[in-house]
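Subject: Structure handover

Hello,

Here is the structure I promised you. My notes follow below it.

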Amino acid sequence: MRLPARLSALAATLGLALASLTAAAPADAATNYPGGVLAKGAALEDASTGAMLWSRKLSTERPMASITKVMTALLVLQAGNLSRRIKVPAAVVGYVKKYDASNAGLHPGDWLTARELLEGLLLPSGADAAYTLAKAYGSGLNAFIAKMNTEAAALGMAHTHFANFDGLPWPTEYTTYSTPADLIKLGVAAMKYGAFRSIVDQRSYQLTGNARHHGYRWRNTNTLLHSYPGAIGIKTGNTLAAGYCLLFAAQRGGVLLIGVVLHSSRTVDTAGFSDATRILNWGFRHA
């Protein structure tokens, strides 16, 4: 049966519109962005080429929590001599207690090498290890923090400021901050060091006790290493203001991707890992 002319025209118009939507939607979703990412700020770079593959609020400043410790580690790596022995100061106990901070359980009076302290800094996210390293590598804690900001400027991290060495919310929750763009630069710089890569790629680390220190066993807070094929780092972060954050890296074949998510959630501790997984899956398809 033949449709009236007006109905035929309407059907044709609707058909063209539906065909257009069907063709466009999957292509946009598959090509332009990774879906389902909750983070308020995020970025993904192909570190093999330096190309920024995707971002969200790339230059918006936000608290970064313990991702701060990557800069602390970078300054120690730049100074070198990772076999240098450093005494854990008594003040770390009060510091950790004051801020209810994540810690490596360091015992005051223990002598640990800088390399061992980096393990305690980066795996269990030890604020006590950060305090010990900052005190040892600066002529005072404030001098070390000044070095952090000098290095940030040298790396072109124009929208970053460090008010402390571990990302804890002091002097206020918002005085240590960065952006997705700047944190990608920090991740790229740190991953150039073999010692850093070997530390952040570990699921756990055990240090046997001896005459100069207690024994320690530290687990990496970055569970992406357990769940994502090719994951090789880098650092978790979490405070009330920052939410759950993650600076991450994964490598497959000759492709190295470095990404970051800031404030994936305030309450769901797995949100950063879920966001990173979605971003990396998309990234490896499009790198």
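In which loop does Pro-171 lie? Pro-171 lies in the loop between α6 and β6. Helices (H or I, at least four residues) and strands (E, at least two) are DSSP runs, numbered from the N terminus.

Before the rest, two notes on the source. This is a predicted model, in which local features need pLDDT of at least 70 and side-chain atom pairs count only at pLDDT 80 or more, while totals for chains, interfaces and linings use all residues. Residues are numbered from 1 along each chain as its sequence is written, and side-chain values use heavy atoms, with hydrogens and water left out.

Backbone

Trp-170 and Pro-171 are joined by a cis peptide bond, with omega about 0°. The bond from Gly-233 to Ile-234 is also cis, and its omega is near 20°. Ile-234 sits in strand β9.

Two residues other than glycine have positive phi. Lys-57 has phi near 50°. Lys-57 is in the loop between β2 (51–56) and β3 (62–63). Ser-125 has phi near 60°. Ser-125 is in the loop between α4 (114–122) and α5 (127–137).

Lys-57 is exposed, with 52%. The cut-offs are under 20% relative accessible area for buried, over 50% for exposed, and partly exposed in between (1.4 Å probe, protein chains only).

Thr-160 lies in the loop between α6 (141–154) and β6 (177–178). Thr-160 counts as buried because its relative accessibility is 11%. Its side chain makes a polar contact with the side chain of Asp-182, at 2.8 Å. A polar contact is a pair of N or O atoms within 3.5 Å; within protein, one must be able to donate a hydrogen and the other to accept it, and residues adjacent in sequence count only if both atoms are side-chain atoms. Leaving aside neighbours within four places in sequence, Thr-160 is in contact (heavy atoms within 4.5 Å) with residues including Met-64, Asn-149 and Tyr-177.

Helix α7 (residues 180–190) is mostly covered, with nine of its eleven residues buried. Asp-182 is among the buried residues of α7, as are Leu-183 and Ile-184.

Cores

The largest nonpolar core has 66 residues. A nonpolar core is a set of buried Ala, Val, Leu, Ile, Met, Phe, Trp, Tyr and Cys residues joined through side-chain atoms within 4.5 Å. Leu-106, Leu-118, Phe-165 and Phe-196 have the most contacts inside the largest core. Apart from that core lies another, of 20 residues, among them Tyr-228 and Phe-273.

Pocket

The largest pocket has a volume of about 390 Å³. On a 1 Å grid over the protein atoms alone, a pocket is an open set of points where a 1.4 Å probe fits, with protein on both sides within 12 Å along at least five of seven lines; lining residues have an atom within 4 Å of a point. Grid points are joined across faces, edges and corners, and the volume is the space filled by probe spheres set on the points.

Of the 26 lining residues, the closest to the centre of the largest pocket are Ser-66, Thr-236, Gly-237, Asn-238 and Tyr-244. Strand β9 gives the most to this lining, with four residues.

Best wishes
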